[in-house]
2 protein chains.
Amino acid sequence: MTRLTKHLLTLSAAAGFGLASIGTAFSAESLEDVMKRRGLTEKDILAAAKTYTPTGGRDEFVVFSSGGQSGQLIVYGIPSMRILKYVAVFTPEPWQGYGFDDESKAVLAQGKINGTEINYGDTHHPAISETNGEYDGEWLFINDKANPRIAVVDLKDFETKQIVVNPIMKSEHGGAFVTPNTEYVIEATQYAGPFSNDFVPLSKFNDEYRGAVTYWKFDREAGRIDPAQSFSVELPPYSQDLSDAGKLVSDGWSFTNSFCTERYVGGIERGRPPFEAGCSQKDTDFLHMINWKKAAELVAAGKATKINDHDVIMMDTAVAEGILFLIPEPKSPHGVDVSPDGKYIIVSGKLDTHASVYSFEKMKALIDAKDFAGTDPYGIPILDLKKSLHTQLQVGLGPLHTQYDSKPCVVYTSIYVDSQVTKWDYCEGKVLDKISVHYNIGHLMSMEGDSVSPKGKYLVSLNKLAIDRFNPVGPLHPQNHQLIDISGDKMELLYDMPLPLGEPHYAVAISADKLKPKVRYKSGWDSRTDQRSPHRTLPGRERTEVVDGVTHIYGTLIRSHITPEIIEVEEGSTVSLHFTNVERAEDETHGFAIRGFDINLSAEPGKTVSATFKAEKPGVYPYYCTEFCSALHLEMQGYLLVTPKGYTAEGVALQEGQTYTEEDYTKQVETVNATQAVIDSVVQYITARNFKDFPPVVAMVEDATDQLNFAEEAKTKTEEFAAAKDWQNATLWAQQWFQYQVKAADIGLRAKTYLDQNGAKVVNQ
Amino acid sequence: MTRLTKHLLTLSAAAGFGLASIGTAFSAESLEDVMKRRGLTEKDILAAAKTYTPTGGRDEFVVFSSGGQSGQLIVYGIPSMRILKYVAVFTPEPWQGYGFDDESKAVLAQGKINGTEINYGDTHHPAISETNGEYDGEWLFINDKANPRIAVVDLKDFETKQIVVNPIMKSEHGGAFVTPNTEYVIEATQYAGPFSNDFVPLSKFNDEYRGAVTYWKFDREAGRIDPAQSFSVELPPYSQDLSDAGKLVSDGWSFTNSFCTERYVGGIERGRPPFEAGCSQKDTDFLHMINWKKAAELVAAGKATKINDHDVIMMDTAVAEGILFLIPEPKSPHGVDVSPDGKYIIVSGKLDTHASVYSFEKMKALIDAKDFAGTDPYGIPILDLKKSLHTQLQVGLGPLHTQYDSKPCVVYTSIYVDSQVTKWDYCEGKVLDKISVHYNIGHLMSMEGDSVSPKGKYLVSLNKLAIDRFNPVGPLHPQNHQLIDISGDKMELLYDMPLPLGEPHYAVAISADKLKPKVRYKSGWDSRTDQRSPHRTLPGRERTEVVDGVTHIYGTLIRSHITPEIIEVEEGSTVSLHFTNVERAEDETHGFAIRGFDINLSAEPGKTVSATFKAEKPGVYPYYCTEFCSALHLEMQGYLLVTPKGYTAEGVALQEGQTYTEEDYTKQVETVNATQAVIDSVVQYITARNFKDFPPVVAMVEDATDQLNFAEEAKTKTEEFAAAKDWQNATLWAQQWFQYQVKAADIGLRAKTYLDQNGAKVVNQ
């Protein structure tokens with residue numbers, strides 16, 4: 001210990017804290033040397049300069065990408081293309097404690113299908129909440145294609161708060177999309193099914209299988225979807241696909257495309273041509289156009305039908321009330337995208353070479369004039385394709401999805417079969433540029449490209465195949481998102497980014513400065529209900545209570561001990577653990593793992609988490625903190641002891657492995673005193689500088705003050721035991737006092753380094 | 001369709017395929033402009049040049065990092081620091097189908113504790129298999145601290161093949177480490193517990209709680225750990241920590257450090273000082289030294305005791321036979337690292353400022369001379385610290401882990417409290433350089449630094465806190481791995497890499513060229529048992545069989561249909577799905593998701609996967625492929641119909657949504673013929689060039705040939721139906737014929753682009 005204290009003394013005396021190596025500008029190798037060694041071109045260096053983000057740097061945009069069948073949400077930065085977080089949404093994930101603590105299990109349980117727990121999702125389309133058509137960075141919605149569901153993620157803490165199950169669909173794809181003020185979250189069917197949960201034979205496909213669009217009401221104040229205020233519009237069994245909400249002039253309308261309007265049912269095993277043959281026979285499918293504002297009024301007026309306790313506007317009502325129309329669109333489209341001004345809607349078909357630009361003004365005029373080209377087999381009016389079009393342009397083979405630039409009239413369309421992106425002018429109808437991508441691009445995404453004010457600058461190509469792009473990692477390949485610079489006239493490829501988990505389908509990007517996440521929770525917070533937890537426990541109030549046969553353990557977590565350190569329950573007990581992280585410092589998360597019960601908790605600063613389980617077998621179950629939190633993190637441990645039924649302790653005291661004398665105590669106190677001198681000098685160093693100008697340092701000082709307060713408490717105990725000449729306890733508490741000092745010193749050194757590296761000035765010597 | 005064909009014709013006629021933008025060297029913005037705009041220094045540009053990896057480029061090293069409490073393994077590249085894959089190990093992960101298909105569920109089931117399914121792990125230390133002390137890139141082993149287990153990952157396909165549960169430990173930490181020829185995988189206890197699974201009170205801690213080191217026998221031919229040939233050595237309850245195997249001169253020995261040799265038991269809730277106080281009181285802990293070769297001989301000679309059906313060499317036997325020794329080591333060490341030549345062992349203690357370099361030669365001489373400083377309370381001989389030391393050096397506050405450079409005598413030690421890396425010379429005992437890291441570094445890792453021939457070049461700092469390093473993502477922060485250039489005299493920080501999921505503890509890096517993963521499985525392969533699956537299904541052999549009351553569906557997956565497309569079973573049936581991906585093309589994975597049964601499968605080319613479930617409720621359950629696999633991927637769908645008990649079909653045929661005439665048929669055949677002309681011209685373009693010099697193009701040609709063979713089969717069906725004047729089926733099969741042509745054309749275009757971009761030459765015009 002004296003060695004450690006001597007070291008602290010040395011450090012506090014030095015000006016630079018061993019930072020001599022910082023500031024050395026260049027190593028022996030020059031830029032030219034590196035380019036030659038690594039085979040880089042000047043173009044590569046320019047791309048590197050445009051994407052490389054030095055230590056502590058921030059990305060300009062934050063991307064939220066669906067994680068596909070991983071059931072998660074992927075968060076990464078642009079232009080660095082570094083993945084910042086995987087947010088667990090539909091799939092349990094132990095690092096986040098998601099699906100392992102009682103609070104998040106309750107969220108996952110909302111997503112049961114017919115009572116069955118579903119522990120994955122096939123996430124496709126994330127949508128950020130909007131205010132007046134602008135991304136506002138508050139909420140994110142994402143769908144599950146496999147088990148039609150929508151999840152709500154809070155962008156204040158990047159946690160999943162709610163899962164709603166679609167009450168009538170059996171499959172979906174076209175979610176989530178939001179209306180311009182996030183009044184509704186839009187979700188559209190994919191594969192048709194009966195609205196009931198009963199068996200209906202495929203021979204009744206045309207008559208009883210149905211598609212739909214659901215409008216989920218979002219209650220922004222509650223931060224939750226309100227199923228009771230949500231409704232759907234019944235649609236034909238046309239394999240509805242993606243959607244988009246109108247904006248500005250087209251606000252109040254939503255658009256949903258489709259494929260397989262042939263209503264073909266395959267059956268290759270019985271000699272029928274497969275779905276892929278029968279679903280690609282016609283030249284066009286249908287774009288659905290729905291007046292959702294009027295639909296909401298119809299529901300309010302009682303014109304909806306309750307199906308599975310959910311309001312559905314049936315097709316005949318929708319037709320009679322004039323809220324539902326169809327327009328032919330190129331075959332097998334994927335993506336319908338409303339222009340920032342709301343005037344145009346761009347659709348392209350994977351089995352065509354054209355992008356079609358529809359004019360909302362023309363479509364509206366046709367509707368107002370009741371100028372229809374006919375009706376479909378379900379009586380829905382069809383608008384004439386040519387009369388609805390602004391223009392149509394050949395953009396490449398397999399055009400799939402279009403995104404808007406900040407530059408007027410400029411858009412980008414992903415070209416699946418050609419593996420290209422086409423840049424074109426949708427006002428004039430002319431191709432501006434093309435760039436090859438690797439390989440088979442699906443969606444593409446521009447910065448805030450779905451909003452009323454796209455930010456331009458970058459485009460991401462979400463490719464469906466990577467093949468040979470990266471170091472091989474076995475038969476299952478990563479995906480590849482390619483970053484493209486769209487600031488100039490020519491598109492320039494900047495970066496290939498492997499996606500290591502899941503197959504993203506679509507992504508949205510928001511200006512980083514619009515996100516304002518928290519770094520800690522209010523004390524004793526249940527983050528899943530966003531309320532103070534009934535199990536919040538303050539330091540010193542740790543206790544065990546048996547209520548209705550359940551043994552509740554109310555505990556706390558702090559650097560670096562778990563209170564309680566020993567839990568003893570009888571075989572067969574139901575145990576409910578509740579831990580509150582009583583830290584305030586940023587990034588001071590504690591975890592809790594215990595052998596054999598499939599429990600792993602993550603408690604960020606302020607959070608209260610619970611785990612309830614049955615202790616069925618007598619035995620010894622060590623537990624510990626799973627997040628490295630201090631130099632004595634490994635010592636943040638404890639034991640759950642499950643005693644056999646009827647066991648009574650033998651009354652034998654704990655054997656001490658080591659005994660301590662007055663001499664040990666005196667030595668320990670000397671160390672403590674020397675350490676205090678060091679801390680005082682570090683404090684002096686910091687407070688002599690303008691540390692209040694550096695918020696991270698202010699936070700560190702606050703944290704160090706907490707640690708020194710704990711040190712004071714340990715000091716009191718030390719002195720009490722010393723007064724009673726209990727050298728065993730006096731020595732151990734003196735050690736604990738010292739450990740709090742070390743934690744304070746650790747933070748102090750970090751603060752000092754920060755001040756040195758960020759040009760702090762001496763203010764009051 | 002004719003539009004599509006026209007486009008194909010245009011493309012095949014053009015030389016450049018719209019690649020005009022490739023080859024344009026620079027955009028308007030110069031390097032200086034970019035540096036100014038993004039605030040980059042020359043040092044930043046050099047770091048960018050050292051890490052940026054252009055499209056298609058390969059990383060020099062591949063890192064395998066533990067995923068901490070995510071229970072996964074993280075694979076990333078150096079120097080690009082791009083994450084290539086998360087490999088599911090202890091935690092179910094749906095993208096990989098891990099824990100969602102029957103085959104991988106069987107692997108996870110091996111890891112049950114007391115019959116309880118454990119769906120996470122706390123992975124800490126990955127180890128790559130070695131041959132003669134060199135990483136050989138064949139296998140990887142990783143531990144679970146929480147529920148003492150070891151997993152075996154196959155680096156041929158990056159899949160988890162086996163989980164073994166430690167038969168005597170209740171907690172572990174010091175695994176996995178391998179002996180120089182991977183004879184054994186070493187696993188050491190962390191928190192002591194009774195070897196039995198019974199309750200033992202803490203009052204018997206010193207007498208009945210125990211640590212151990214387990215030597216798991218690895219059967220390289222089987223590619224699995226053989227528990228029957230594995231054994232353990234009983235150790236005192238000293239909180240054993242990390243281990244390392246001796247090499248070359250020290251081969252046959254292994255070294256394990258420890259903390260809390262005070263054998264302190266906390267209990268802060270009952271007024272006792274916490275573990276962290278009682279476990280940090282002494283100045284030293286014990287390094288354990290075990291002769292594992294001799295231990296294996298003792299087991300073979302029957303000198304082990306069977307505990308829980310596992311061979312354990314008890315402490316008294318170990319002492320009597322001279323295979324177990326202790327040496328004092330600095331307090332609370334974390335990491336024991338044997339030098340590449342096997343002569344030295346470096347240990348440092350988190351609560352000290354020194355690194356200690358032990359001399360194996362001196363230790364061995366003391367043992368041979370029976371020159372002991374005493375024995376511990378369990379009778380284990382203790383070697384004198386000073387007599388065992390080569391040197392000791394002050395390296396900083398909180399030294400934690402040491403890694404070796406390729407340069408002789410050069411090592412790097414992570415300094416936790418100072419948040420630095422110290423570079424020093426362990427032969428001469430002098431500090432060479434220091435660099436600050438952000439923040440609180442845990443382990444660090446050099447390239448193949450654990451092997452007999454470290455590769456130098458790069459060092460990764462695995463920091464425990466990120467705090468302010470990245471764009472904020474809520475209270476739970478990513479981790480931060482910092483890449484450091486160690487090629488010169490001064491260490492240079494190159495890159496900050498966020499870890500988006502899990503808290504890595506330790507990582508290993510291997511030269512990328514040593515990894516030889518496969519891109520496909522043998523036909524009908526069960527990847528978890530590494531045998532041909534009994535459920536392998538060949539195209540055309542799809543069928544349903546009811547055996548012992550279970551309905552087995554033998555199906556296939558191919559671009560882009562699932563066979564069967566309709567599955568009908570009666571309510572209450574147990575259904576066992578078996579799908580074989582019959583593709584050969586790299587990266588042509590198909591997935592399978594179905595509503596409501598928590599089933600999500602991933603079938604890479606060649607793989608057979610199964611899912612068994614009970615169809616309890618009548619209803620309609622759509623299923624589909626989850627990996628975007630062709631332009632008609634969305635049409636790769638089907639329906640599981642669960643009929644009510646006793647249901648009999650009404651004999652009503654499927655209603656066709658669309659009917660086709662001879663005219664439709666004729667039109668479709670025209671399209672097919674035009675498309676064939678296009679394909680012929682693409683084939684001509686490719687074969688006129690030296691495409692055989694490009695292996696990826698050879699693979700594409702093989703895949704395109706497969707598609708054209710399928711087209712031939714569809715053509716045959718088309719012509720049969722046309723001959724019978726069945727225009728409905730003739731038209732649909734002609735469409736399917738066309739779809740295979742489109743797939744072939746898609747691949748052909750990719751091949752053509754590849755040849756254009758990679759300088760292919762005309763060889764035979």
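Colleague: In chain A, what share of the contacts between residues at least 6 apart in sequence join residues at least 24 apart?

Modeller: For chain A of this predicted model, that share is 63%.

Colleague: Thanks! Now I'd like to read a sheet. Where do I begin?

Modeller: Begin with the pairing: strands of a sheet pair through backbone hydrogen bonds, either parallel or antiparallel. Then look at the order of the strands. In chain B, an open sheet of 5 strands runs 39-45-44-41-42, and its pairing is mixed.

Colleague: Which strands stand at the edges of that sheet, and why is one side of each left without a neighbour?

Modeller: Those are strand 39 (566-570) and strand 42 (599-603) of chain B; each has a single partner strand, so one of its sides has no neighbour in the sheet. From one strand to the next, the twist averages 15°.

Colleague: In what sense do strand 39 and strand 45 of chain B pair?

Modeller: Strand 39 of chain B pairs with strand 45 (residues 637-643) of chain B in the parallel sense, over 5 bridges. To find one bridge on screen, look for B:Glu570, whose partner in strand 45 of chain B is B:Thr643.

Colleague: How should I read a pair of helices?

Modeller: Two packed helices are described by the angle between their axes and the distance between the axes. The crossing of helix 11 of chain B past helix 13 of chain B is left-handed. Their contact has 18 nonpolar, 8 polar and 3 charged residues.

Colleague: Last topic: how many residues does each chain bring to the contact between chains A and B?

Modeller: Chain A brings 212 residues and chain B brings 211. On the side of chain A that touches chain B, helix 13 (residues 727-757) of chain A gives the most, with 11 residues. By class, that side of chain A has 101 nonpolar, 62 polar and 49 charged residues.

How values were computed:
Residues numbered from 1 in each chain as written. Chains lettered and ligands numbered in written order. Predicted model: local features only at pLDDT ≥ 70, side-chain atom pairs only at ≥ 80, totals over all residues. Contact = placed C-beta atoms within 7 Å. Helix = DSSP H or I, 4+ residues; strand = E, 2+ residues; numbered from the N terminus. Nonpolar A, V, L, I, M, F, W, Y, C, P; charged D, E, K, R; others polar. Pairing = 2+ DSSP bridges. Axes fitted to C-alpha atoms, helices over the stretch in contact; angles between N-to-C directions. Left-handed = near helix turned anticlockwise from the far one by under 90°.
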